[in-house]
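Please consult the sequence and the model while reading.

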Amino acid sequence: MSINKRFKLSNIAAATAMTLSLPTLADAPILQQKATLHKAKIEAKSAKSNRYIIHFNQELTGGKASFNDFMALNYLFTAGAEPLFSLNGQKAMVAELDDFSLETLRSFSSIKSIEIDPKRYLSPAVKSAKTIIPFAQSTPYGINMVQGHLLSQTNTSARKVCVIDTGYNLGHPDLPYGNVTGNANNNAVGRWNNDGNGHGTHVAGTIAAENNNQGVVGVYPGMDLHIVKIFDDNGQWTYASNLINAIQQCKDAGSHVVNMSLGGGNYSNSENTAMQNFVDGGLMLVAAAGNDGNSSKSYPASYNSVISVASVTSSESRSSFSQYNDQVEIAAPGSSVNSTYPTNTYRSLSGTSMATPHVAGVAALVWSHNTQCTNQEIRAALNATAKDKGASGRDNYYGYGIVKAKDAADHIAANGCQGGGDPGGVTPVNGSLPNLQGAQNGWTHYTWDIPQGVKEMSLRITGGTGDADLYVRYNAQPDANNYTCRPWKNGNEEQCVFTNPNSGKWHISLYGYNAYNGVTLQYAYK
């Protein structure tokens, strides 16, 4: 949108409508519609509890650098919440809240945000598995496709990959044993070194199966692994908060690359911020793009901080099940991948779950030869040297193309760590929509298109009279029960700030808790 663009403001109420055209800065939020909603919907109470992630403001550190769990628990108990656990390093707690405790917490000034804890699912195989019994070692086609065979590494401890999945068949004759550590994310999932599902063992084999004249071979044979069992043997879903804790466990174990062959359909600002914090701290995060075969987004793969992996077949064409969208970053073999399986066997499975460990393994392998490079420099090198497929340049089906280990290592050798390219920045935007007004119980809806590369996005309402409530949601219009951010403060001083927000359409809504007039909506990104 150019600096001289104008946007349409449509005021739709009852049977009448009028349209005004107002000049604004480029890339301003666009007002979509104004509608009414009975106040009873907003104020409805129920006994049903949901699981939430509660972020606290900086003052709850008690003057120290670390988060004060005790003070946070006091707030939760005061509101009648049921605390579950703390999210280390995120200044957040996870708790069960009913409607009363939710509204009570929102009235505390020490609460920064409260957000539903979305579910995350194992990305299952999309084809029936078949047992493969190799009589001697065979090299799965994917290893050659990603050039794992062209970039050997005898130092198995140069990098460590963490596999967050269903566990690990410890003792499998074709998998690392002495250099594997692990833990269960919680008591309900069982022991990390037992995999009654098979998904995690299959993923681990693609990364690290031994080069030992039997079975199969991985991208980085015999490398150090850390296993976090986050799913039980039935592959039962988990929560985003559990995933955040699992990545923290990976970090604490000294991992460099995290493989997440999992996902879910709901964006979470808490999860997005946590992922960015982990990447800023030096981790590389790799996740499955999803197996729905459509353009929907799966998380955590579709956060900017995470490498979203699409799947290709042995002929390098897109797998029909592989999701495609503007967050897909790179592609790897995911159709009919042969790898290790419990107990001490092998199977062929298909899915973006199978593509993801190819990329995690390649990232670790390339990084092991270039430990002086940062996680983001390795990521840039992988993207710069991926084999271009589909439309020229990056596209929604293959991302930058099929990952190539040897080409990436050669690129760094020739150009240095920073030779992978710089994605560049964005032109900052800062503007406002003044003199907004609305009736009690009425909604006013806007949309705002955010480009890639934005580091911080902020929305604020201020001034005027009455009581407007700010609601913000990514990729869907917010309502009383569904939102990414809702400050829920008295009056018209409310703000939502997002670090490294996803590109795409954001929805901004004002609700008239009481009638309001003269309110200004300030918007900015940089």
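**Strands and their partners**

Five bridges connect strand 4 (residues 50-56) with strand 7, and these two strands run antiparallel. Strands here are DSSP runs (E, at least two residues), numbered from the N terminus, and two strands pair if DSSP finds at least two bridges between them. Within this pairing, Tyr52 has Ile116 of strand 7 as its bridge partner.

The model is predicted: local features need pLDDT of at least 70, and side-chain atom pairs count only at pLDDT 80 or more, whereas totals for chains, interfaces and linings use all residues. Residues are numbered from 1 along each chain as its sequence is written, and side-chain values use heavy atoms, with hydrogens and water left out.

An open sheet of four strands, paired antiparallel, has the order 5-6-4-7. Its edges are formed by strand 5 (82-87) and strand 7 (111-116), each of which pairs on one side only. From one strand to the next, the twist averages 25° (axes are lines fitted to C-alpha atoms, and angles run from 0 to 180 degrees between N-to-C directions).

Attention now turns to strand 17. Six of the six residues of strand 17 (residues 307-312) are buried, so this strand is largely enclosed by the rest of the structure; buried means under 20% relative accessible area, with a 1.4 Å probe and protein chains only. Both faces are covered, with Ile307, Val309 and Ser311 buried on one side and Ser308, Ala310 and Val312 buried on the other.

Strand 17 is joined to strand 16 (residues 284-288) by three bridges, in parallel, and Ala288 stands opposite Val309. Strand 17 also pairs in the parallel sense with strand 18 (residues 328-333), over five bridges. There, the bridge partner of Val309 is Ile330.

Notes:
Buried < 20%, exposed > 50% of the residue type's maximum accessible area, 1.4 Å probe, protein only.
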